[in-house]
Number of protein chains: 2
Amino acid sequence: MKVFIVMMFLLPAAMNCYEGQAIASERKQSQTITKAGTQPSVRGSDKFFTGNVRIEPLFSAKGTDAPFGGAYVTFEPGARTFWHTHPTGQQLLVVSGVGRTGDQTGTLEEVRVGDVLWCPPGVKHWHGAAPATAMTHLALTGTLPDGKNVEWMEPVTDEQYNGKR
Amino acid sequence: MKVFIVMMFLLPAAMNCYEGQAIASERKQSQTITKAGTQPSVRGSDKFFTGNVRIEPLFSAKGTDAPFGGAYVTFEPGARTFWHTHPTGQQLLVVSGVGRTGDQTGTLEEVRVGDVLWCPPGVKHWHGAAPATAMTHLALTGTLPDGKNVEWMEPVTDEQYNGKR
């Protein structure tokens with residue numbers, strides 16, 4: 001996810017390129033469109049994910065106006081995040097496949113296309129694919145003014161992933 | 001969109017039902033999952049939209065932690081919003097089809113699956129389907145503490161929709 005955070009900082013620069021420097025001073029007067037295929041996917045680091053994970057950055061947080069970044073994250077079967085918290089919370093929208101999520105209360109929930117997940121600030125959680133099927137979610141992650149949006153912790157064990165506390 | 005705003009206020013109540021009142025006092029200690037199929041679609045009002053528009057509410061803004069609401073919006077061919085602004089901006093992610101968008105600078109842009117659109121605070125814009133194809137986008141709309149997230153204006157004329165200024 002460190003790579004992901006770096007991408008979030010690079011994104012505004014990329015968007016400036018798209019707009020063209022000539023109109024940079026007018027950017028607050030017009031929309032910005034970032035076309036599909038212009039932002040490379042990033043492999044999820046094995047420091048923060050178990051298994052194969054692909055991150056597709058979409059947009060970065062924009063100060064106090066829109067203090068959240070967005071990315072599609074695809075987990076191959078069995079893949080999942082490490083345990084982590086978000087300082088101002090995270091919304092997840094499942095957009096394909098079937099996955100699993102758990103939190104600090106010991107829950108283990110199946111999530112499917114169309115499910116909407118809210119993780120409040122500071123709640124320790126994890127999310128990923130089901131054992132035999134991939135899962136993609138849109139992650140909308142609250143971002144502090146200093147750019148911080150996640151605190152990474154230890155891996156989710158196979159026992160935790162399979163629902164044994 | 002007035003209906004949409006009403007839904008955004010009803011959503012927290014619906015989520016309380018999902019969690020169950022018994023754990024309401026603990027809600028900040030655990031995740032909340034809103035299952036697909038539990039939040040009815042809403043028809044876009046003809047006071048704010050031209051043509052057939054369907055809104056699928058996903059989640060409401062959550063104070064200063066996550067001050068934005070989310071909904072899928074589907075526009076049938078030729079359908080579009082009226083002109084409007086957002087007090088703290090709006091992110092749009094095109095998730096299916098081909099559409100059009102314009103802003104106060106007189107632009108007319110085609111948008112396709114995977115395109116990401118950012119409308120800054122106060123910029124007058126519109127968005128909708130292409131003339132012959134439907135378009136669905138995820139709308140992530142910044143919301144003020146008082147719940148306000150949009151200021152509606154006049155309809156987009158056929159001339160504006162077709163790119164004649």
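## Reading a predicted two-chain model

Me: What share of the contacts in chain A with a separation of 6 or more comes from residues 24 or more positions apart?

Reply: In this predicted model, residues 24 or more positions apart account for 71% of the contacts in chain A that have a separation of 6 or more. Chain A is built from two helices and 13 strands, and buried residues make up 44% of its 165 residues.

Me: What confidence does the prediction carry, for chain A and for the model?

Reply: The pLDDT of chain A averages 87, and 82% of the residues score at least 70. Over residues 1-27 of chain A, however, the pLDDT is below 50, although this stretch has 35 contacts in the model beyond near neighbours in sequence. For the model, the scores are ipTM 0.83 and pTM 0.84.

Me: Which elements of chain B give two or more residues to the side that touches chain A, and how many residues are in contact?

Reply: The size of an interface is often given as the accessible area lost when the parts come together. Counted here by residues in contact, 41 residues of chain B meet 41 residues of chain A. The elements of chain B that contribute two or more residues are β1 (32-34), β4 (53-59), β5 (68-75), β8 (90-103), β9 (108-112), β10 (116-119) and β12 (135-142). By class, this side of chain B has 17 nonpolar, 16 polar and eight charged residues. Because 100% of the interface residues of chain B are also interface residues in chain A, the copies meet through the same surface.

Me: What strand pairing joins chain A to chain B, and what pairing joins β8(A) to β9(A)?

Reply: Between the chains, strand β10 of chain A (residues 116-119) runs antiparallel to β1(B) and is joined to it by three bridges, with Leu117(A) standing opposite Ile33(B). Within chain A, five bridges join strand β8 (residues 90-103) to strand β9 (residues 108-112), which also run antiparallel, and in this pair Arg100(A) stands opposite Glu110(A). The hairpin of β8(A) and β9(A) has four residues between the strands, and Gly106(A) takes a positive phi near 95 degrees there.

Me: Which residues touch the most other members of the largest nonpolar core?

Reply: In soluble globular proteins, nonpolar side chains tend to be buried together. In this model the largest nonpolar core has 54 residues, of which Leu117(A) and Leu117(B) touch the most other members. Leaving aside neighbours within four places in sequence, Leu117(A) is in contact with Leu92(A), Thr101(A) and Val111(A), and also with Gln31(B) and Ile33(B) from chain B.

Me: Why does Val95(A) count as partly exposed?

Reply: Val95(A), which lies in strand β8 of chain A, counts as partly exposed because it has 18 C-beta neighbours inside 10 Å, whereas a buried residue needs 20 or more. Not counting residues up to four places away in sequence, Val95(A) touches Tyr72(A), Val113(A), Thr136(A), His137(A) and Leu138(A). The C-alpha atoms of Val95(A) and Met135(A) are separated by 7.8 Å, although these residues are 40 residues apart along the chain.

Definitions and conventions
Residues are numbered from 1 along each chain as its sequence is written. Chains are lettered from A and ligands numbered from 1 in the order in which they are written. This is a predicted model: local features need pLDDT of at least 70, side-chain atom pairs count only at pLDDT 80 or more; totals for chains, interfaces and linings use all residues. Two residues are in contact if their C-beta atoms, placed from the backbone, lie within 7 Å. Ala, Val, Leu, Ile, Met, Phe, Trp, Tyr, Cys and Pro count as nonpolar, Asp, Glu, Lys and Arg as charged, and the others, Gly among them, as polar. Two strands pair if DSSP finds at least two bridges between them. A residue is buried if 20 or more other C-beta atoms lie within 10 Å of its own, exposed if 12 or fewer, and partly exposed in between; C-beta atoms are placed from the backbone. A nonpolar core is a set of buried Ala, Val, Leu, Ile, Met, Phe, Trp, Tyr and Cys residues joined through C-beta atoms within 7 Å. pLDDT is the predictor's confidence in each residue, from 0 to 100.
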